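Subject: Structure handover, aromatic contacts

Hello,

Here is the structure for your work on ring contacts. My notes follow below it.

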Amino acid sequence: MTSKLLAASMLAVFILRPLAASPPNADRDMVDVTGEVRLVEGKSQRAARDASEVVVWLVSVPGTGEPSATGVSTKPHYRILQHNKTFEPKLLVVPLGSIVDFPNLDPWFHNVFSLYQGKRFDLGLYQAGSEKEVLFDRPGPSFLFCNIHPQMTAVILTVNSDYFGISDKAGHILISHVPAGRYAMHAWYESAASSFADVPQRPIDIEPGENALPAISIPVTKHDWSHKDKYGNDYDPRASVPAY
C-alpha cells in the first residue's frame, strides 16, 4: 500500500510541475493593438490625404508588472542603408539602447551625422562597402544627414518601449504582441505643429481580445527642412553631380 501511495504522489508531482513552470507572459497573453490617427492641416482643419509615418508607442505604467523595454543585450541590430544617395528607410523607430548599423552600399564616400536633437554623432568619411554603428541611448528624434550629399535626410526615433507602430497612408496603426497590462500612449510626427506636444497622459488598459487605442488627431504645419553641412556651411554644389 505504501509503495502505491508513493508512486501516485510522484506521478502527481510530475504532472503538476510543468504547469507551475509556465511563463507568465506566454503567447496567449500577447495581444495585437490597433489605432487610428488623423492629420489636420492648418486652419482649414481638413484631414490630410496621407496620414503615414505617425509613430505611436505604449509605455508600461509603473507597478503593473510589465516591462516597458528589454535590456540592451536582447535587442537586435537595426539598419539604415545608404543607397543611391538616400537613406533607407527614411524613418526608423528603435527601442532605447538599440544599436543601428549604417552600411554604405554606394560607390561613393558618405559621412553620416546628427548634430541636433536626440543622439549626436559624426561617423566621418567612410568608403563604399564599409559599415559603422551607433548606440542610441537617448530618447527622442535624431535627424540624420550626410555631409557630402544634401538630399540625404532621415529620422531615427528612439522610444522607451518595445511596443510601437507606424501609421500607413490611411492612418491605420498596428502594435503587435503587446502583453496585457496598463500603459501610457505616446505619439510623434515629424511635421506636427508646435501646438502638438503629445497625446493626453491617460492610462490605457490592454486586455486579452481585441484592443483599439483612442483615436489621435495631430495638427500639422509646413517646415523648412533646408540645412547646412556639419560645419555650418552651405553644401558644395558639386554634390549634385552624378559621379560625386
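Two rings of Phe, Tyr or Trp (for Trp, the six-membered ring) count as a pair if their centres lie within 6.5 Å. By that rule, ring pairs join Phe102, Phe121 and Phe136 into a cluster. Please note that the model is predicted. Five aromatic pairs are found in the structure.

One of them is Phe102 with Phe121, a tilted pair with 5.8 Å centre to centre and 40 degrees between the planes. The pair links distant parts of the chain: Phe102 belongs to strand β8 (residues 98-103) and Phe121 to strand β10 (residues 121-122), 19 residues apart. Both Phe102 and Phe121 are buried.

Another pair is formed by Tyr116 and Phe145. Their ring centres are 5.8 Å apart and their planes stand at 80 degrees; planes over 60 degrees apart count as edge-to-face, so this pair is edge-to-face. Tyr116 is in the loop between β9 (112-114) and β10, while Phe145 is in strand β12 (residues 140-146), so the pair ties together parts that are 29 residues apart in sequence.

Are the two partners buried or exposed? Tyr116 has a relative accessible area of 38%, so it is partly exposed. Phe145 has a relative accessible area of 9%, under the 20% cut-off, and is therefore buried.

There is also a contact between a charge and a ring: the charged end of Lys85 sits over the ring of Trp108, at 4.7 Å from its centre.

Regards

Conventions: Residues are numbered from 1 along each chain as its sequence is written. This is a predicted model: local features need pLDDT of at least 70, side-chain atom pairs count only at pLDDT 80 or more; totals for chains, interfaces and linings use all residues. Side-chain values use heavy atoms; hydrogens and water are left out. Rings of Phe, Tyr and Trp (its six-membered ring) pair if their centres lie within 6.5 Å; planes under 30 degrees apart count as stacked, over 60 as edge-to-face and the rest as tilted. Helices (H or I, at least four residues) and strands (E, at least two) are DSSP runs, numbered from the N terminus. Buried means under 20% relative accessible area, exposed over 50%, partly exposed in between (1.4 Å probe, protein chains only). A charge sits over a ring if NZ of Lys or CZ of Arg is within 6 Å of the ring centre and within 35 degrees of the ring normal.
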